[in-house]
Amino acid sequence: MEIIAIHGSPRGSRSRTRKLVQWVLEGAAREGADTNLLDLADMKITACSACDSCSLTGECIHNDDFSMVFEQMCNAEGIVLGSPVYVDHVTGQMKVFIDRLADAIHYQVCSGKYGCSVSTTAISGGDVVVSYLNHLINYLGGYSVGGLSAALGDDQASIMKLEPEARSLGKRLVDAIQIKEFFPDQEEIIAENREYFARIVEENRSWRPLEYETWVDRGWIQ
Ligand SMILES: Cc1cc2nc3c(=O)[nH]c(=O)nc-3n(C[C@H](O)[C@H](O)[C@H](O)COP(=O)(O)O)c2cc1C
């Protein structure tokens with residue numbers, strides 16, 4: 001079982017969010033998962049230029065590290081997302097990455113996958129970020145098993161108390177993948193999204209026939 005983490009703090013090994021992400025992965029690895037942590041700040045990912053190329057061809061015009069992260073995301077069964085709060089939201093690194101996922105959202109590439117999200121903040125906004133990242137997992141078609149956020153002030157060591165909770169989130173993720181847990185509330189939202197995105201897949205049918213056929217085979221287009 002592959003689980004990847006996509007992490008958006010630019011602070012490298014000093015990052016408190018990265019520590020949380022690492023503990024989630026360690027909790028998952030203990031249950032037998034193969035894990036990999038990707039730091040968006042180490043990558044060159046260009047902001048979406050809204051050229052529509054992805055929709056028209058399935059290919060992005062930007063030749064950068066996004067495709068490597070995306071490929072790992074598609075191959076994984078579990079996805080951990082982590083970002084600190086920057087001015088009440090995710091970091092710029094994370095948002096640039098997310099905007100590049102617009103086509104992946106339309107085509108529901110994380111259907112059947114599971115994820116979870118973590119965030120740290122000084123004072124506020126952690127719950128908003130976790131809820132946004134978990135919404136992204138649903139938006140991509142996957143289920144979220146939960147999240148963890150912590151308001152830590154400016155004490156760099158205060159993160160340490162969250163280790164047990166972060167490790168159990170990793171275990172929770174593996175458990176959900178193993179039993180193919182069903183989340184009825186999230187499925188309702190995902191099904192509504194799919195109904196909307198089916199129109200886009202139908203519109204793109206003539207130039208993206210394989211993806212169209214996949215949607216028909218899955219019963220997402222009648
Ligand atoms: C540019 C910037 C913006 C921030 N914005 C907020 C904010 O809006 N609210 C808040 O409580 N903390 C804010 N913080 C503090 C960080 O969220 C907090 O220190 C976090 O734990 C950093 O995570 P990291 O160690 O993973 O990089 C901000 C920090 C930076 C550098």
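Select α4 and α6: the two helices are roughly parallel to each other, where roughly parallel means an angle under 35 degrees, roughly antiparallel over 145, roughly perpendicular 65 to 115, and oblique the rest. Their packing angle is about 20°, and their axes are 13 Å apart. Axes here are lines fitted to C-alpha atoms, for helices over the stretch in contact, with angles from 0 to 180 degrees between N-to-C directions. Helices (H or I, at least four residues) and strands (E, at least two) are DSSP runs, numbered from the N terminus.

This is a predicted model, in which local features need pLDDT of at least 70 and side-chain atom pairs count only at pLDDT 80 or more, while totals for chains, interfaces and linings use all residues. Residues are numbered from 1 along each chain as its sequence is written, and side-chain values use heavy atoms, with hydrogens and water left out.

Stay on the pair. α4 and α6 cross in a left-handed sense; left-handed means that the near helix is turned anticlockwise from the far one by less than a right angle, right-handed that it is turned clockwise. Now show side chains. α4 brings Met94, Lys95 and Ile98 to the contact, and α6 brings Tyr132, Leu133 and Leu136. Contact means heavy atoms within 4.5 Å. Five of these residues are nonpolar, none is polar and one is charged. In this count Ala, Val, Leu, Ile, Met, Phe, Trp, Tyr, Cys and Pro are nonpolar, Asp, Glu, Lys and Arg are charged, and the others, Gly among them, are polar.

Next, select α1 (residues 16-30) and α7 (residues 163-179), which pack at about 50° with axes 6 Å apart. The two are therefore oblique to each other. Their crossing is right-handed. From α1, Leu20, Trp23, Val24, Glu26, Gly27 and Ala28 take part; from α7, Glu163, Ala166, Arg167, Leu169, Gly170, Lys171 and Val174. The contact of α1 with α7 has seven nonpolar, two polar and four charged residues.

**The cores**

Which residues have the most contacts inside the largest nonpolar core? Select Ile6, Met73, Met94, Phe97, Leu101, Leu140 and Trp215; the core has 35 residues. A nonpolar core is a set of buried Ala, Val, Leu, Ile, Met, Phe, Trp, Tyr and Cys residues joined through side-chain atoms within 4.5 Å. Buried means under 20% relative accessible area, exposed over 50%, and partly exposed in between (1.4 Å probe, protein chains only). Colour the elements that each supply at least two core residues, including β1 (2-7), α3 (66-75), β3 (78-82) and α8 (184-203). A second, separate core has 29 residues, among them Ala5, Tyr143, Ala150 and Ile190.

**Around Trp215**

Centre on Trp215. Not counting residues up to four places away in sequence, Trp215 touches His106, Tyr107, Gln108, Arg194, Phe197, Ala198, Val201, Trp220 and Ile221.

Move to Gln108, in the loop between α5 and β4 (114-121). Is Gln108 buried or exposed? At 1% relative accessibility, Gln108 is buried. Beyond four places in sequence, the contacts of Gln108 include Tyr139, Leu140, Gly141, Ile190 and Trp215.

Then pick Glu202, in helix α8. Glu202 is partly exposed, at 40% relative accessibility. Outside four places in sequence, Glu202 is in contact with Tyr212 and Ile221.

**Strand and loops**

Select His7 in strand β1. His7 is buried, at 0% relative accessibility. Aside from neighbours within four places in sequence, the contacts of His7 include Ser15, Arg18, Leu37, Asp39, Gly82 and Met94.

Jump to Cys48, in the loop between β2 (34-39) and α2 (53-57). Cys48 is partly exposed, with a relative accessible area of 42%. Leaving out residues up to four places away, Cys48 touches Asp99 and Arg100.

Finish with backbone angles. Most residues other than glycine have a negative phi. Asp88 has a positive phi of about 70° although it is not a glycine. Asp88 sits in the loop between β3 and α4 and is exposed at 52% relative accessibility. Lys180, also not a glycine, has a positive phi of about 50°. Look for Lys180 in the loop between α7 and α8; at 67% relative accessibility, Lys180 is exposed.
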